[in-house]
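Subject: Structure for you to look at

Hello,

Here is the structure I said I would pass on. Please open it next to this message and follow along.

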Amino acid sequence: MVKDRHRRPKSGPAASAKPHGPARAQTQKAPAVKTIAAKPAAKKEPRPAPDAPARPLMRRDGAKPAERVPVILETAGSDQYRLIDSGAGEKLEQYGPYRIVRPEAQALWQRSLPDGLWEKADSLFTGDTDEDGMGRWKFPKEALGETWPMQLLGVDFHGRFTAFRHVGVFPEQLAHWSWMKEKVETAGRPVKVLNLFGYTGVASLVAAAAGAEVTHVDASKKAIGWARENQALGRMDKLPIRWICEDAMKFIQREERRGSKYDIILTDPPKFGRGPNGEVWHLFDHLPLMLDVCREILSPKAIGLVLTAYSIRASFYSIHELMRETMRGAGGTVESGELVIRESGTDGKQAGRALSTSLFSRWISP
């Protein structure tokens with residue numbers, strides 16, 4: 001499974017980017033700027049898709065886990081990241097030293113802060129209106145480098161201007177990462193973490209810094225390269241992380257055959273995409289099997305299984321009930337709902353509107 005991390009290069013049976021909504025047309029004449037423009041990809045002959053995995057879904061017995069719904073996991077502002085304002089199909093964010101404007105389809109309301117503040121942004125993304133479309137970054141003040149240093153949860157990494165409007169980190173995931181960090185630090189024993197569709201490795205570095213042994217899987221070579229750069233930036237080269245460039249579904253099925261076990265599994269599959277060898281991934285077709293295999297490779301003392309879903313037309317109840325069925329007989333609790341980011345103004349202290357980013361479902365052990 002490839003999440004193409006030119007767009008958002010994660011691993012998995014398919015390549016797809018997380019949505020940030022269609023780009024909004026510029027209505028004012030912009031000053032002369034330098035841009036980073038994406039080159040169109042060369043056309044390739046389509047490869048035949050491989051046969052679907054032969055392993056059937058298992059029939060689970062026992063009671064379904066307890067449930068908590070709806071649960072809203074909120075990310076607020078910090079000195080390194082905050083959602084300053086949003087509205088009119090865009091969002092204004094602070095990433096380290098830079099203020100960035102990007103499209104955001106779910107920002108249906110009007111801006112709270114003056115347009116003049118938005119116009120002082122260091123960079124803005126404009127381009128293809130398709131959510132996965134390529135575009136360009138404009139730098140109204142001065143040309144900026146491709147990367148810049150950031151830190152979240154004590155982990156150093158690079159922010160990055162990509163051709164698909166993403167910047168190398170998805171801050172709403174801080175809610176999951178903080179939960180994982182606390183579980184690893186308080187486990188009182190060695191913890192093994194599997195990070196599927198690992199993208200640029202921030203979650204893997206957070207887990208390893210907390211004391212976990214981490215396996216990071218992503219089918220994009222570029223994403224794995226970025227993750228290793230982040231590891232080097234934070235001088236974390238000696239941490240126990242396996243960087244694996246492979247189709248995620250193939251990897252977990254092989255781990256199942258080997259009898260490998262993990263205490264925490266993070267999985268963030270794309271809606272649709274293609275793997276490095278022509279694998280085709282459709283979330284609604286293949287997610288049940290993915291979770292089923294993940295259940296089988298959870299350890300007897302498993303701590304949790306986390307699923308995040310972006311850009312799907314579904315209620316969180318769809319993945320909530322799937323998770324409960326998958327975890328029948330395991331006890332514990334399944335909590336599901338949405339990840340949101342709260343506007344916090346220019347100083348990070350204002351409690352503004354909540355911007356929804358994704359759905360999630362999380363099984364937590366008894």
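This is a predicted model: local features need pLDDT of at least 70, side-chain atom pairs count only at pLDDT 80 or more; totals for chains, interfaces and linings use all residues.

The whole chain

The chain has 366 residues, and 54% of them are buried. Its secondary structure comprises seven helices and 20 strands. Taking contacts between residues at least 6 apart in sequence, 70% join residues at least 24 apart. The exposed surface comes to about 16100 Å², of which carbon and sulfur atoms supply 51%.

The sheet

Strands of a sheet pair through backbone hydrogen bonds, and the pairing can be parallel or antiparallel. Eight strands here make an open sheet with mixed pairing. To trace the sheet from one side to the other, follow the order E4-E19-E20-E18-E15-E12-E13-E14. Which strands form the edges? They are strand E4 (66-75) and strand E14 (241-244), each of which pairs on one side only. From one strand to the next, the twist averages 15°.

Strand E15, residues 264-267, runs parallel to strand E18, residues 304-309, and four bridges connect the two. In one of these pairings, Leu 266 has Val 306 in E18 as its bridge partner.

The helix across it

Helix H6 covers residues 283-296 and lies across E15, E18 and strand E12 (192-196). What angle does H6 make with E18? The helix runs at about 160° to that strand.

Regards

Notes. Residues are numbered from 1 along each chain as its sequence is written. Side-chain values use heavy atoms; hydrogens and water are left out. Buried means under 20% relative accessible area, exposed over 50%, partly exposed in between (1.4 Å probe, protein chains only). Contact means heavy atoms within 4.5 Å. Accessible areas come from the Shrake-Rupley method with a 1.4 Å probe; for residues, only the protein chains shown count as cover. Two strands pair if DSSP finds at least two bridges between them. Axes are lines fitted to C-alpha atoms, for helices over the stretch in contact, and angles run from 0 to 180 degrees between N-to-C directions.
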